[in-house]
Amino acid sequence: MLICLTASHKNAGFDMLERLSVTADAAGPRIREGHPSVQGAVVVATCNRFEAYLDLDAAEGDSPVPAVHEAIRSVGAVAGLEPEELRSTFGFVHGNAVAGHLFAVASGLESVVVGEGEIAGQVRRSLERARTEGTTTPDLERLFQRASQISRRVKNETGIGNEGRSVVRLALELAESRVTDWAETKVLLVGTGRFAGASLAALRDRGVTDVRVYSPSGRAAKFAANHDIEAVGRGDVAAAAASSDVIVTCTTAEHHVVDRALLEAGRAGFAASAAGASTSAGTAGADAASAAARPLGLVAEPATGAVERQLVIDLGLPRNVAPDVVEVHGVELLDLETIRIHAPLEEFGATDAARAIVGGAARAFGEAREEQDVAPAVVALRRHVFDLLDGEIARARARGDADGRTEEALRHMAGVLLHTPMVRSRELARAGEQQAWIDGIAAIFGVTPEADASARTSGARDTLRDDARERHA
């Protein structure tokens, strides 16, 4: 049984999502160990979403509620959140609806910016992490692999992903009213991961040419060399921050990388430099030093020299920027919570086409899973019939069937007899009535599905053997 617990920008506060995101790496193993019926767990955590996809081994008629509650307790334990708070927040998706939900998420249909491109990679990496942690299962593997395929199909067949939509680009669109000329704007990029690459590309699309990069983890030099920009060292970051018109942060650091103290230290350095120049070269020299130090596009008040306007865009989760930066004169903060509020409405044509693809794929996935539910019973029936067939063929040979005509007739008859039950198994499975078929063959033939996984594996080998027999019939 597949189940999804979901908290997103639609039903959870930003502070909760931030807490969940920080601890996401530890959540999967904790969920997996929390209840015996949880066979696997894959956690998807993004800047606006936390979801846990569970594979439960629950007997027919058993309630999944105890396992779900234990999973919520596990998430709360690693995130430092109360289970009651999470239970009142998490959405609950189960059964065939899980596939439709994940396919929509991976295709960007549930994102703050509908059609954003980053989510597909985040979903893929979630599966890779679960593999490393040993928390995935065959059903979860199929679900997530299919989600990646559907997201590519949506991108290729609809216009929803063709405009480079992302939170990065939306943030820059919102910044348009604060920036006079992108070509004359100095930008400090903080971070060197995939999001940083997307941010740099979006900045360049707007004509930005003056970009420097700083990495709290020390990767700035390599990123700068790969993207032909200038790297900023740890000792120079305060000055770089104070001299930038726009600061864009997108790191995975679990602490604030930009705060009031950093900006004020950078400004103080410029003030000291200007004062020194004034002492040695007079008022004209001070004006020249101040002009050289002052960032392009940032206007200083004549009396105080304070910066009039500077924009900080925080794309990190957890937050990369401390809230106290807005206490610095002239600084405006644009964070994910603000960006989410200003997310544009969906473009209905492309979105409807994408949802049609997702809906069809989800139905097909559900039908395939339902057919898999009857697979052990199908294997058992086929084995039963072919075991009878083998016995009759052996007796025919003992009676002198030298030319094989009796064996041929028996094989043909077995194939004909199995045809209708096989067709009905698929029909009833797709109608959600697979149990009726399973009960029927048990009542008529006394055949029951194998109970354990090793028997199912053996049954799959038998099915391949029996298919080969039918092809020779």
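At what angle do helix H8 (residues 167-175) and helix H9 (residues 194-205) pack, and how far apart are their axes? The two helices pack at an angle of about 40°, with their axes 9 Å apart, where axes are lines fitted to C-alpha atoms, for helices over the stretch in contact, and angles run from 0 to 180 degrees between N-to-C directions. H8 is therefore oblique to H9, given that angles under 35 degrees count as roughly parallel, over 145 as roughly antiparallel, 65 to 115 as roughly perpendicular and the rest as oblique.

This is a predicted model, in which local features need pLDDT of at least 70 and side-chain atom pairs count only at pLDDT 80 or more, while totals for chains, interfaces and linings use all residues. Residues are numbered from 1 along each chain as its sequence is written, and side-chain values use heavy atoms, with hydrogens and water left out.

**The chain as a whole**

The secondary structure comes to 17 helices and ten strands; helices (H or I, at least four residues) and strands (E, at least two) are DSSP runs, numbered from the N terminus. Of the 473 residues of the chain, 48% count as buried, where buried means under 20% relative accessible area, exposed over 50% and partly exposed in between (1.4 Å probe, protein chains only). Among the contacts (heavy atoms within 4.5 Å) with a separation of 6 or more, 72% are between residues 24 or more positions apart.

**Two helix contacts**

In the contact of H8 with H9, Val168, Arg169 and Leu172 of H8 meet Phe195, Ala198, Ser199, Ala201, Ala202, Leu203 and Asp205 of H9. These residues divide into seven nonpolar, one polar and two charged, with Ala, Val, Leu, Ile, Met, Phe, Trp, Tyr, Cys and Pro counted as nonpolar, Asp, Glu, Lys and Arg as charged, and the others, Gly among them, as polar.

The axes of H5 and helix H6 (residues 118-133) come within 8 Å and cross at roughly 125°, which makes H5 oblique to H6. Here Leu102, Val105 and Ala106 in H5 meet Ile119, Ala120 and Val123 in H6, and by class this contact has six nonpolar, no polar and no charged residues.

**Aromatic pairs**

A pair of aromatic rings is described by the distance of the centres and the angle of the planes. Rings of Phe, Tyr and Trp (its six-membered ring) pair if their centres lie within 6.5 Å, and planes under 30 degrees apart count as stacked, over 60 as edge-to-face and the rest as tilted. The structure holds three aromatic pairs, including the two in this table.

| Pair | Centre to centre | Angle of planes | Kind |
|---|---|---|---|
| Phe50 and Phe90 | 6.2 Å | 35° | tilted |
| Phe103 and Phe365 | 5.9 Å | 85° | edge-to-face |

Phe50 lies in strand S3 (residues 49-56) and Phe90 in the loop between helix H4 (83-87) and strand S4 (91-94), so the pair ties together parts that are 40 residues apart in sequence. Phe50 is buried, with a relative accessible area of 1%, and Phe90 is buried with 11%.

The pair of Phe103 in helix H5 (residues 97-106) and Phe365 in helix H14 (residues 348-398) links distant parts of the chain, 262 residues apart. Phe103 is buried, with a relative accessible area of 0%, and Phe365 counts as buried at 11% relative accessibility.

**A proline in helix H3**

Pro66 has its place in helix H3 (residues 65-79) and is partly exposed, with a relative accessible area of 45%. Pro66 and Ser37 are 29 residues apart in sequence, and 9.4 Å apart in space from C-alpha to C-alpha.
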